[in-house]
Amino acid sequence: MSRLRRLHVCGKIFFVTCNVLRCRGDFSEAEFAILANVLEAVKGRREFLLGGFVFMPDHWHALLVPGGRDTLPRLMGALKVAASQAIVRHRAGEGKLWQARYYDHAIRTVREFHDTLNYMHLNPVRKGLVERPDDWCWSSFHSFGGPGPVRLRVDDLNLPAEAATPL
C-alpha cells in the first residue's frame, strides 16, 4: 500500500473528516461530550483554530487552522489519539477507534468556507437525525447565533461575508 503524502502547511483552513471504524459502533451522547472535551483540551495544548464542527454518530467534520509551527497531520494525530484513548476507556474496551486515515481539503475561498460550514450544519438534517440544524446540539451551528446550547466554542476567523475572495 502506498503512503499518502500530505501537505505540511500551517495557517490554512482545512476541512477534515474523521470516520469511526465500522466495527466500533456509533457514538453515544456521552461520547459526543467526551469528543467535545478532547477537542477543547487538545486545542489548549496545540493552539489551533476551530472554525466550525459537527459530530455525527459515526464520524465528525471540522474546519481547522493549525497554529504556529504545527501541521495538519500532527494535529489530527493528536486529536485522534486523545479521543480514541478517552472514548475506548469510556467503553471499557481496547483497540482502535478511528479509520487509519482522515480526509482533508484545503479551503481556498471565503465562499467555500461558508459553503462547507453550511454543509456541516446541514449534515444531521440530510442524515435524518433531526428536522432542522438547530435541533442537533453537537455542531457549531449554535455558536453562530442559532438557538440552543454552545457545546464547544469556535474561533472567529475574521472572514468577510460570503464571497469568492481567496484565503
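Which residues in H1 meet which residues in H2? Here are a few friendly notes on this predicted model, starting with that contact.

1. From H1, the residues taking part are Ala30, Glu31, Ile34, Leu35, Val38, Leu39, Val42, Arg45 and Arg46. Their partners in H2 are Arg74, Leu75, Ala78, Leu79, Ala82, Ala83, Ala86, Ile87 and His90. By type, the residues of this contact comprise 13 nonpolar, one polar and four charged.

2. On geometry, the axes of H1 and H2 lie 9 Å apart and the helices pack at an angle of about 140°. Their crossing is right-handed.

3. H1 itself covers residues 29–46, and its length checks out: at 1.5 Å a residue, its 18 residues should span 26 Å, and the end C-alpha atoms are 26 Å apart, so the two agree. After H1 comes glutamate 47, with a positive phi near 55°.

4. The buried residues of H1 are Glu31, Phe32, Ile34, Leu35, Ala36, Val38, Leu39, Val42 and Lys43. Their cover includes helix H2 (72–90), along with strand E2 (49–55) and strand E3 (59–65).

5. Do have a look at serine 139 too, in the segment after helix H3 (110–126). Is serine 139 buried or exposed? With a relative accessible area of 2%, under the 20% cut-off, serine 139 counts as buried. Leaving aside residues up to four places away in sequence, serine 139 touches Phe53, Val54 and His121. A polar atom of the serine 139 side chain also lies 3.1 Å from the backbone nitrogen of phenylalanine 141.

Definitions and conventions:
Residues are numbered from 1 along each chain as its sequence is written. This is a predicted model: local features need pLDDT of at least 70, side-chain atom pairs count only at pLDDT 80 or more; totals for chains, interfaces and linings use all residues. Side-chain values use heavy atoms; hydrogens and water are left out. Helices (H or I, at least four residues) and strands (E, at least two) are DSSP runs, numbered from the N terminus. Buried means under 20% relative accessible area, exposed over 50%, partly exposed in between (1.4 Å probe, protein chains only). A polar contact is a pair of N or O atoms within 3.5 Å; within protein, one must be able to donate a hydrogen and the other to accept it, and residues adjacent in sequence count only if both atoms are side-chain atoms. Contact means heavy atoms within 4.5 Å. The expected span of a helix is 1.5 Å times one less than its number of residues. Axes are lines fitted to C-alpha atoms, for helices over the stretch in contact, and angles run from 0 to 180 degrees between N-to-C directions. A crossing is left-handed if the near helix is turned anticlockwise from the far one by less than a right angle, and right-handed if clockwise. Ala, Val, Leu, Ile, Met, Phe, Trp, Tyr, Cys and Pro count as nonpolar, Asp, Glu, Lys and Arg as charged, and the others, Gly among them, as polar.
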